[in-house]
Amino acid sequence: MRKTVFCATTALVIGSCQQAEQPSDAKDFTEARVDSLLSQMTLEEKVGQLNMYNGTWDFTGPVPEQADAQEREDQIRSGGVSAMLNVLTPEAICAAQRMAVEQSRLGIPMLFGYDVIHGYKTMMPIPLGQASSWDPTVAERANRVAAAEATSEGLSLAFGPMVDITPDARWGRIMEGAGEDPFLAARMAEGWVKGFQGADLSERHSIAACAKHFAGYGFAEAGKEYNTTDMSDQTLLNVVLPPFHAAVDAGCAAIMNGFNDLNGVPVTADAYIQRTQLKEAWGFDGFVLSDFNSVPELVTHGYSADMPEAGKAAFLAGSDMEMESRLYERHLLDQVRSGEVSEELIDDAVRRVLRIKFRLGLFENPYKYCEAEGIEIMSEAHLQEARDLARQSMVLLKNEAATLPLQKDASIGVIGRLAQSKDVPLGNWRAQAVENSAVSLLEGIRVAAGSKVEFAEGYRISAGRRSFIFDMEWADPSEKGFGEAIQLARRSDVVVMALGEDCYQTGEGRSQTDVGLKGDQLELFHAVRAVNPNVVVVLMNGRPLAVPDIQQHASAILESWHAGSQAGHAIADILFGDHNPSGKLPVSFPHRTGQEPLYYNHKKTGRPVTNDFDKGLVFWAHYSDAPVEALYPFGYGLSYSRFIYSELEINDSILRSGDDLEVRVRLTNDSKVAGEEVIQLYIRDPYGSLTRPVKELKAFQKIHLEAGESQLVSFRLSEEDLAYHWSRERFEAEPGRFEVYVGGNSREVLQTAFTFR
Ligand code: BGC
């Protein structure tokens, strides 16, 4: 079949767009157009396609050297700019696009990129919260809304999803990803990419996704932002890369590298991960973008001698487009002419960029993102999505004596300044969210429960856009500002206390050495519970917190994360039982910060806690001043229903190569409330040529059960689930015994085993 293609008339020459018919194979057709356009380009124009330039609206890194407005415009007109970031008004985007399309020789449209991480104006829960749903469709729905809003304001490229594995709660960017597990993160990555890109990139409200940061940035030593990363090939290949691979398989248009030095080579200049893995082994045909200024930082790292060398190293390693520093623009031409860089490599990089522009449909209509398309930003429908997704992203951590759900006619004392904040729930990396536009917890509770709700600030917290302070000094130290809160607690049936973090305690550049509660929050908690033991704590935070006191003494705890525009309503839906929580933690919570990095899928060691060492001695893997285990393990989360696991069995005791096994378990809802449970399946290879983690998540399912209902749930396991990267060259499963664990979190599980031959 051949079909007619209509082209934009605005561009002077846009590849083979003039041709009226395309072969049925859209991929070949795009390639033909890319080749045709490439053949018309000068070397200068090709290098121009590898240049991403900052707008002046916002800086998401050190403020770079700026070209003046005239120079910038001239450069666009000369075809020297392929893409821009942080251009933040639709008018500015469209004016710049007009310059590129109508005034440059070839009229190649530009991309406009921005950090759309968990919403554009309608804020969804932070990604770590979304991952707590253990539901890729939550990720997809969240990014569908974000894509609709961002594209309706002119954007065509989202700098997301962030799919870094994040084993360390100290690292501020833990809020941006899906947590510590590669399997869960991979499933969320697929959802996020699909949500951004829709069924077809050329649709009006699809936005190109750019998974980041390739790779290993989440393993920054000691959780310190931008710190060195050092890991074995096995960790890189088995833990860090799988979510990126999943994003690529889901069709992700672009990949952004990172700032970190990985095993001695800054990733921006790492040819192994960018060329050998990403482009060759995985067949990625989109483009790789450097991170903000990460190319010149090769000099600062001590990897490149000077700026021309830095540009060359990044380019040769596979960083196709350069964000911000203009090193490609300044040096690549000479380097091609001198033979240091081949024109074939330039062509490959340019092809990758053009391919995405064609797939976005920008050559058919370069102004598609400029045309009003009837999308209402922060519409009722978007806010409803935000509320529903937020409810699914929350995790019930404790519910002693069925404290929750609360009665709507109880007298409720809401305590803690976070409860009043209409801004903190929006989280960091909030794109164009309108300040103070969230529904606060207090508002949510007032709407749901009505008149018998009172509020006291209790502790103070003041937040600026760039910094935060939990105020430590009170005007009257004897009162410590607690008086009003304590009186309110005394006269209330139940206290709902909001504790946690300001939204700017997490995000880029927000690492901490202490992941406990800041300021005098804990002191206030103890003062309040001394007069009213019925305290429900709502945590609002962007990272796992070390809160053992809260765990021990609160009656109930709900982890709400920074839950987005509808946070208050969503929390109230759970507190009053209008929604039954089903979230599970995608990260381990520590008792103490010193346990970090803390992750469930660690190695066993030669002296694990489970061995028969005499615990009176010191010679086993532990801390002397804190528990070994997590405060809350990976996968943990309660429900108002009570779920019971039983009858775990496998249909065969042997798995033969090429075959698969069925693992079955019975799940029973032994309560009077319908609910959803995330069933998790882990495996362990207990003995082999290389030591393997004590557990590895291999599958999960979210099951809805009516009150009293019971269901047999089935999983399939194949050889591929057992396989892992032994080295760069070897990916396979090792014959032997495998243990299988199934349960509602990574700690409380039923166990069985089989043999792989
Ligand atoms: C961040 C990226 C971000 C980029 C552009 C960098 O500082 O590391 O995640 O996409 O800035 O804003």
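How many bridges join strand E23 to E26? Select residues 660-669, strand E23: nine bridges tie E23 to E26, and the two run antiparallel. Strands pair when DSSP finds at least two bridges between them. Strands (E, at least two residues) and helices (H or I, at least four) are DSSP runs numbered from the N terminus.

This is a predicted model: local features need pLDDT of at least 70, side-chain atom pairs count only at pLDDT 80 or more, and totals for chains, interfaces and linings use all residues. Residues are numbered from 1 along each chain as its sequence is written, and side-chain values use heavy atoms, leaving out hydrogens and water.

Stay on the sheet. Pick valine 663; its bridge partner in E26 is phenylalanine 715. Now show all three strands: the open sheet has the order E21-E23-E26, with antiparallel pairing. E21 (643-650) and E26 (710-718) are the edge strands, each pairing on one side only.

Select glutamate 647, in strand E21. Its phi is positive, about 55°, although it is not a glycine. Glutamate 647 counts as partly exposed because its relative accessibility is 46% (buried is under 20%, exposed over 50%, partly exposed in between; 1.4 Å probe, protein chains only).

Jump to tryptophan 561, in the loop between strand E20 (556-559) and H20. It also has a positive phi of about 55°. At 1% relative accessibility, tryptophan 561 counts as buried.

Next, the cis peptide bonds. One joins leucine 404 and proline 405, with omega about -5°. Another runs from glutamate 596 to proline 597, omega near -5°.

Finish at glycine 154, which follows H6 and has a positive phi near 100°.
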